[in-house]
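These are my notebook entries on one structure. I set down what I looked up, entry by entry.

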Amino acid sequence: MAKDTLTITDNRTGKTYELPIEHDTIRAADLRQIKVNSDDFGMMTYDPGYMNTAACKSAITYIDGDRGILEYRGYPIDQLAEKASFLETAYLILHGELPDRGQLDEWTYQITHHTMLNENAKKFMDGFRYDAHPMGMFVSTVAALSTFYPESKSVFDANVRRKQIFRLIAKVPTVAAFAYRHITGMPFAYPDNDLSYTANFLNMLFKRTELKYQANPILERAMDILFILHADHEQNCSTSSMRMVGSAQTDPYCSLAAAAAALYGPLHGGANEAVLKMLNEIGSKANIPALIKRAKAGEVRLMGFGHRVYKNYDPRARIVKKTAEEVFEVTGRNELIDIAIELERIALEDDYFIKRKLYPNVDFYSGIIYQAMGFPVEMFPVLFAIPRTAGWLAQWQEMLVDKDQKIGRPRQIYLGPTTRDFVPMEQRSLVVAKAER
Ligand code: ACO
């Protein structure tokens with residue numbers, strides 16, 4: 001008869017163990033009973049990069065990488081990108097359900113009215129060097145915000161958490177825009193409460209001498225769609241960092257700064273910057289086959305290709321590609337899109353990429369849009385961090401109220417020297433010489 005258990009036989013001892021299966025997983029701690037001797041530590045799993053380890057139970061984002069499916073709280077990403085706004089999506093991600101009209105109005109009001117940065121935070125940002133990377137400014141300013149809101153340390157108080165969630169979702173566009181104005185030598189532009197979340201962001205970025213900034217509705221909506229697509233992506237490197245740091249009961253500002261730092265890496269949120277660099281280096285369609293050859297030889301990676309989870313077309317990439325065409329109607333065509341489309345076509349017909357299930361990911365086309373909208377490449381990971389703030393906070397909150405969760409603390413397989421006596425300085429050269437013989 002079928003049973004929800006797993007039977008393991010340890011061939012070192014001949015002993016058999018029966019472990020319960022729940023949600024297609026076994027508890028790693030159940031393996032600890034598998035021992036050769038009673039003083040053994042017990043069996044562990046070895047899983048660098050957490051390729052096959054579930055570190056939490058979550059009800060926020062569902063991904064089926066083989067079928068190219070992404071859903072927030074059960075709603076398919078393409079429906080949200082078509083029908084919802086970013087703030088509505090952020091509410092959904094954080095609360096589990098779509099808001100009704102009253103809830104959305106209240107949510108929007110609260111976020112709109114927390115967009116200002118304390119003037120001292122603004123001064124802090126002014127202190128960065130003229131050419132500081134905006135992601136470095138973003139990470140450190142978000143961490144610095146914790147010093148303005150010391151009550152945020154009360155992470156188990158639901159009301160305190162709620163306030164910090166408003167503040168963080170509201171303030172990250174302001175921090176991002178101030179970083180942009182700093183590197184472009186422009187005076188900071190304050191938030192405008194009459195505008196939508198994304199129109200206000202465009203206002204703080206691009207407002208010049210006009211009294212009232214008017215956002216182009218196509219660019220405002222394109223930015224909103226990009227924000228929806230980037231709002232959450234379950235347990236990736238940055239989200240796991242948020243959960244890991246948050247598991248020490250660190251306040252949400254410092255936890256979120258750690259998540260943003262993870263996002264900064266070129267294998268994660270920095271990939272769209274790398275894609276643009278790659279497309280610029282390719283320069284013309286004629287040079288694509290040579291790059292494909294180098295990628296197949298393992299000399300380079302096609303940036304924006306491949307994903308740890310998606311072994312099919314990243315559903316977000318399809319929406320970004322479509323959004324790019326709409327943006328170009330306003331900004332003019334970014335020539336790099338033609339190189340990107342041709343690169344995708346050639347790669348998707350090539351055995352190397354087919355066999356390894358390497359498809360364009362969300363970053364493959366997003367950088368092309370951002371460049372067409374006038375952003376320097378250094379801003380790309382910052383543009384990613386703004387919407388992901390909603391996801392990070394939802395995951396952080398879910399972790400805090402989950403009774404199963406403990407401070408994050410992986411194990412290791414120790415392969416270093418066994419116990420040995422301290423060697424006094426005067427004897428060390430002898431020890432080194434002996435070791436080198
Ligand atoms: N170009 C060429 N070959 C690749 C690429 C690529 N972009 N990505 C993976 N491969 C190859 C690897 O060389 C490997 O081949 P092998 O089996 O012959 O050794 C195989 O595909 C599997 O690669 P892994 O590195 O094991 O895959 P992993 O799941 O660890 O990596 C990652 C996923 C990091 C995204 C990888 O595909 C990559 O480096 N892509 C480029 C960077 C990128 O676009 N990152 C953005 C990810 S999306 C995001 O963070 C929002």
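**Entry 1: terms and source.** I began with a definition: a polar contact is a pair of N or O atoms within 3.5 Å; within protein, one atom must be able to donate a hydrogen and the other to accept it, and residues adjacent in sequence count only if both atoms are side-chain atoms. I noted that this is a predicted model, in which local features need pLDDT of at least 70, side-chain atom pairs count only at pLDDT 80 or more, and totals for chains, interfaces and linings use all residues. Residues are numbered from 1 along each chain as its sequence is written, and side-chain values use heavy atoms, with hydrogens and water left out.

**Entry 2: Asp314.** I located Asp314 in the loop between α12 (288-296) and α13 (315-331); helices here are DSSP runs of H or I with at least four residues, strands are runs of E with at least two, and both are numbered from the N terminus. I then asked: is Asp314 buried or exposed? Asp314 counts as buried because its relative accessibility is 1%; buried means under 20% relative accessible area, exposed means over 50%, and partly exposed lies in between, with a 1.4 Å probe and protein chains only. I found that the side chain of Asp314 reaches the backbone nitrogen of Val362 at 2.9 Å. The side chain of Asp314 is also joined to that of Arg316 by a polar contact of 2.9 Å.

**Entry 3: the ligand.** Which residues are closest to the ligand? I counted 17 residues around the ligand, the closest being Arg301, Leu302, Gly304, Phe305 and Arg308; a residue is near a molecule or strand if one of its heavy atoms lies within 4 Å of it. The shell divides into 8 nonpolar, 5 polar and 4 charged residues. In this division Ala, Val, Leu, Ile, Met, Phe, Trp, Tyr, Cys and Pro count as nonpolar, Asp, Glu, Lys and Arg as charged, and the others, Gly among them, as polar. I noted that the shell draws at least three residues from each of domain 1 (77-269 + 378-400) and domain 2 (271-372), with domain bounds that come from an automatic or database domain assignment.

I then looked up individual atom pairs. A polar side-chain atom of His268 lies 3.0 Å from an oxygen atom of the ligand. A polar backbone atom of Leu302 is 2.7 Å from a nitrogen atom of the ligand, and a polar backbone atom of Phe305 is 2.9 Å from a nitrogen atom of the ligand. Taken alone, the ligand exposes 930 Å², of which the protein buries 73%; accessible areas come from the Shrake-Rupley method with a 1.4 Å probe, and for residues only the protein chains shown count as cover.

**Entry 4: the largest nonpolar core.** A nonpolar core is a set of buried Ala, Val, Leu, Ile, Met, Phe, Trp, Tyr and Cys residues joined through side-chain atoms within 4.5 Å. The largest has 120 residues, and those that touch the most other members are Trp107, Phe138, Ile169, Leu279, Leu302 and Phe375. Which helix gives the most to this core? Helix α17 (residues 380-401) does, with 13 residues. This core draws at least three residues from each of domain 1 and domain 2.

Entry 5: Most residues other than glycine have a negative phi. Phi of Glu234 is near 40°, and Glu234 lies in the loop between α8 (217-229) and α9 (237-246). Phi of Lys357 is near 55°, and Lys357 lies in the loop between α15 (351-355) and α16 (363-372).

**Entry 6: Lys285.** I placed Lys285 in the loop between α11 (271-282) and α12. Lys285 is partly exposed, since its relative accessible area is 46%. The C-alpha atoms of Lys285 and Leu336 are separated by 9.7 Å, and the two residues are 51 residues apart along the chain.
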